[in-house]
Each structure stands twice: as C-alpha cells, then as structure tokens.
Amino acid sequence: MKKLAFLTFAIAVVLGCSSLGTKWETVSEDGITVEMPGKPTKQSQNLPTGAGSASGQMLTLDKGAEAYVLAFHSFPATVASLNIPPEALLKGASEGAVKNIDGHVSSQRDINVGGHPGTEIIGDGRKDGKDIEFMIRLYWAKPRLIQTLYINEKGKANKTNAVKFLDSLKIS
C-alpha cells in the first residue's frame, strides 16, 4: 500500500512540475505583444459589420483542456471615424463574444492597457458540447478591437497561466 501511495505522489509531482517547464513565447503582431505558453496557430479572420468587413488575425493556442486566443480586427474607416463611445463598442463586442459560447457573465469590470479602454468579462458557458469557463478582455485601440481570451473546460483552469497571459498584453 505504501508503494502505491508513493507512486501516486510521484506521478502527481511529475505532472505538477511539467507545467513549470512550459516554455512561454512572446508573440508580436501588428503592434500587439502577448505572452503565450507555446507557439500559437495564426489565421486571417474577417468580421462582418454594418459598414463593411473588419479585417484581422486570430492567434490560437489549444492546450487540450484550455485555450489561449489573441484576436484583433481593424474596422473600416467609416466605422472608426464615427464618434461612437468606446464603451458602446466594447459592450457590443463583449455581448457577441459571450453569445458565441452560450455564456453567462459572473463578473465584468472596466480595464485599460496602455491608455486604451477595455472591459473584462468572466463567466461560464458551453462550447462544442462541453461546459467551459472563460476570462475575456476586450480593448478598443482605434481603429482596432483587440481581444485576449482564456477558455478552459469547467474545473480545469490554470489561473496562474490565465492571469500571466491576460496581463502580458501590450499595445503600441
């Protein structure tokens, strides 16, 4: 019985330490920098708007039970030149993000990075038939909407990594 307990403890230590050895990478794209625990996949992504398409990029790192996403989209000049309050743009974007994952918001607060207004939303939802939890930060850096998302299977969050990722964002 002692051998089984020791073996279980040894496996737990190895698994726990394996996350300490995760190699974080600095990802820089179009004046945006963030730290991710690995190399993300990059894809172009356009978002339709009432005044044309917002062109952008999405960088995704899937770690199994958790995912890290950086997305940024430049809005057409017709939208960017309007005097729409950033809060209204961020509200619409956050509602769309939460709706996309059939989510429920448990907390929301105003934030900023580098003088750019933002909002942070935390909650849970369902995606691809799984219960998930999320932390999403959205920023308006005219004419771009910048999003960082940490999504995990319910109960499988690595809060330390989530905060490190979300707090690492820099916009120049």
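1. Which strands and which helix each supply at least two residues of the lining of the largest pocket? In this predicted model, they are strand 3 (41-49), strand 4, strand 5, strand 8 and strand 9, together with helix 3 (86-100). Strand 9 gives the most, with six residues.

2. The volume of the largest pocket is about 940 Å³. Its lining comprises 32 residues, and those nearest the centre are Asn100, Ile101, Lys127, Leu149 and Ile151. By class, the lining divides into 16 nonpolar, ten polar and six charged residues.

3. The largest nonpolar core holds 22 residues, with Met36, Leu70, Ile146 and Leu169 having the most contacts inside it. Two or more of its residues come from each of strand 2 (32-36), strand 4 (52-62), strand 5 (66-74), strand 6 (104-113), strand 8 (130-141), strand 9 (144-153) and helix 4 (159-167).

4. Beyond its neighbours within four places in sequence, Met36 is in contact with Lys23, Trp24, Glu25, Val27, Leu59, Leu61, Tyr68, Val69, Leu70 and Phe165.

5. Ser168 sits in the loop between helix 4 and strand 10 (170-171). Its relative accessible area is 11%, so Ser168 counts as buried, the cut-off being under 20%. Leaving aside neighbours within four places in sequence, Ser168 is in contact with Thr33, Val34 and Glu35. A polar atom of the Ser168 side chain lies 2.8 Å from the backbone nitrogen of Glu35.

Notes. Residues numbered from 1 in each chain as written. Predicted model: local features only at pLDDT ≥ 70, side-chain atom pairs only at ≥ 80, totals over all residues. Heavy atoms only, no water. Core = buried A, V, L, I, M, F, W, Y, C linked by side-chain atoms within 4.5 Å. Buried < 20%, exposed > 50% of the residue type's maximum accessible area, 1.4 Å probe, protein only. Helix = DSSP H or I, 4+ residues; strand = E, 2+ residues; numbered from the N terminus. Contact = heavy atoms within 4.5 Å. 1 Å grid on protein atoms, 1.4 Å probe; cavity = no way out; pocket = protein on both sides within 12 Å on 5 of 7 lines; lining within 4 Å. Points joined across faces, edges and corners; volume = space filled by probe spheres on them. Nonpolar A, V, L, I, M, F, W, Y, C, P; charged D, E, K, R; others polar. Polar contact = N/O pair within 3.5 Å; in protein donor to acceptor, adjacent residues only side chain to side chain.
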